[in-house]
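Look at the sequence and the structure first.

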Amino acid sequence: MRIKLISIFVDDQDKALRFYTELLGFRKKQDFPVGGARWITVTSPEGPDDLELVLEPNGHPAASAYQSALLKDGIPCTAFESMAIHDEVRRLKAKGVVFTMEPTVAGKVTIAIFSDTCGNLIQIYQQ
Amino acid sequence: MARDNRPALFHLCRARDLLADVSSPAVSIGVAAREASLSSCHFIRRFAAVFGETPHQFRTRERLTAAQRLLARGHSVTDVCMEVGFSSLGSFSALFSRRIGVSPASYQRSLRCSVFVPDWTPHPPSCLLWMGGDEAIAIFEKTWRRR
């Protein structure tokens, strides 16, 4: 057994695909219609090609409520690792990404938090 | 947004909730901006930066999502148009068709074969279906249409 997929809810799949590919720099891996939505996954060029992030629609009321509650309380829904967090933050800010937490030392890691524009906060960290 | 400024984000979320409530009379940008403790111009810019769309675009998307839910529950197109805050049936139908790809009536007809229609647009439990491929998706579609 291994971890192959991790999913996050997004409020708009088109917007999410644009953000995760054009701004974060991930690569689209899968994109095909499933029911009334789409099965969209992206991978990181800096990580294994078969570890996929699913951009899942938040159509179910529980999903949007969960997303909204985390966002209001400033809690990231997931975290990505960076090898150079300060460069990453500069790069993303130049593209207009909004950070709710600047790079901050927290014990053995440095963390920062940004909005993915799809209803989530994402944490990036460097060990 | 300032360093670890959770209150600012919280107020922005509150403003977004106001805009998302399509059942209430249209909330002006000014009212939503006050909820976020920002000027209207700053609010629009900040909202777009954090949520990836302007307040107006967000509210329109929320209204169309609500319309899809109400149509799925069997409400008439005219009722749905009014309930989600459009005053003109023509502009509602045109916008719905442009964004969703089919007219409100066609959208409703496509769901009419269902006996039980939940109040959200269904989509398959993706992970399982992805693992099962096209065959599993076909089974889901068939099962959904029988319900």
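The lining of the second largest pocket has 15 nonpolar, six polar and five charged residues; Ala, Val, Leu, Ile, Met, Phe, Trp, Tyr, Cys and Pro count as nonpolar, Asp, Glu, Lys and Arg as charged, and the others, Gly among them, as polar. The model is predicted: local features need pLDDT of at least 70 and side-chain atom pairs pLDDT 80 or more, while totals for chains, interfaces and linings use all residues. Residues are numbered from 1 along each chain as its sequence is written, chains are lettered from A in the order in which they are written, and side-chain values use heavy atoms, without hydrogens and water.

**The second largest pocket**

- A pocket is an open set of points on a 1 Å grid over the protein atoms alone where a 1.4 Å probe fits, with protein on both sides within 12 Å along at least five of seven lines; lining residues have an atom within 4 Å of a point.
- The volume is about 640 Å³, taken as the space filled by probe spheres set on the points, which are joined across faces, edges and corners.
- Among the 26 lining residues, A:Phe26, A:Ser44, A:Gly47, A:Phe80 and A:Glu81 lie nearest the centre.
- At least two lining residues come from each of β3, β4, β5 (78-81) and α3 (85-94) of chain A; helices (H or I, at least four residues) and strands (E, at least two) are DSSP runs, numbered from the N terminus.
- The most is given by β5(A), with four residues.

**Strand β3 of chain A**

- Six of the seven residues of β3(A), residues 37-43, are buried; buried means under 20% relative accessible area, exposed over 50%, and partly exposed in between (1.4 Å probe, protein chains only).
- Strand β2(A), residues 27-34, pairs with β3(A) in the antiparallel sense over seven bridges; two strands pair if DSSP finds at least two bridges between them.
- A:Val34 has A:Ala37 of β3(A) as its bridge partner.
- Two residues separate β2(A) and β3(A) in a hairpin, and A:Gly35 in the turn has a positive phi of about 60°.
- Opposite A:Val42 stands A:Leu53 in β4(A).

**Aromatic rings**

- Over all chains there are twelve aromatic pairs; rings of Phe, Tyr and Trp (its six-membered ring) pair if their centres lie within 6.5 Å, and planes under 30 degrees apart count as stacked, over 60 as edge-to-face and the rest as tilted.
- A:Phe26 and A:Phe80 form an edge-to-face pair, because their ring centres are 5.4 Å apart and their planes stand at 75°.
- A:Phe26 lies in the loop between α1 (13-23) and β2 of chain A and A:Phe80 in β5(A), so this pair ties together parts 54 residues apart in sequence.
- A:Phe26 is buried at 16% relative accessibility, and A:Phe80 is buried at 17%.
- B:Phe86 and B:Phe92 form a tilted pair, 5.2 Å centre to centre with 45° between the planes.
- B:Phe86 is buried at 11%, and B:Phe92 is buried at 0%.
- One aromatic cluster is formed by A:Phe19, A:Tyr20, A:Phe26, A:Phe80, A:Phe99 and A:Phe114.

**Cysteines**

- The structure holds zero disulfides over all chains; a disulfide is a pair of cysteine sulfur atoms within 2.5 Å.
- The closest cysteine sulfur to that of A:Cys118 is in A:Cys77, 10.0 Å away and so too far for a bond.
- For B:Cys13 the closest cysteine sulfur is also in A:Cys77, at 13 Å, too far for a bond.
- A:Cys118 is buried at 0% relative accessible area, and B:Cys13 is buried at 2%.
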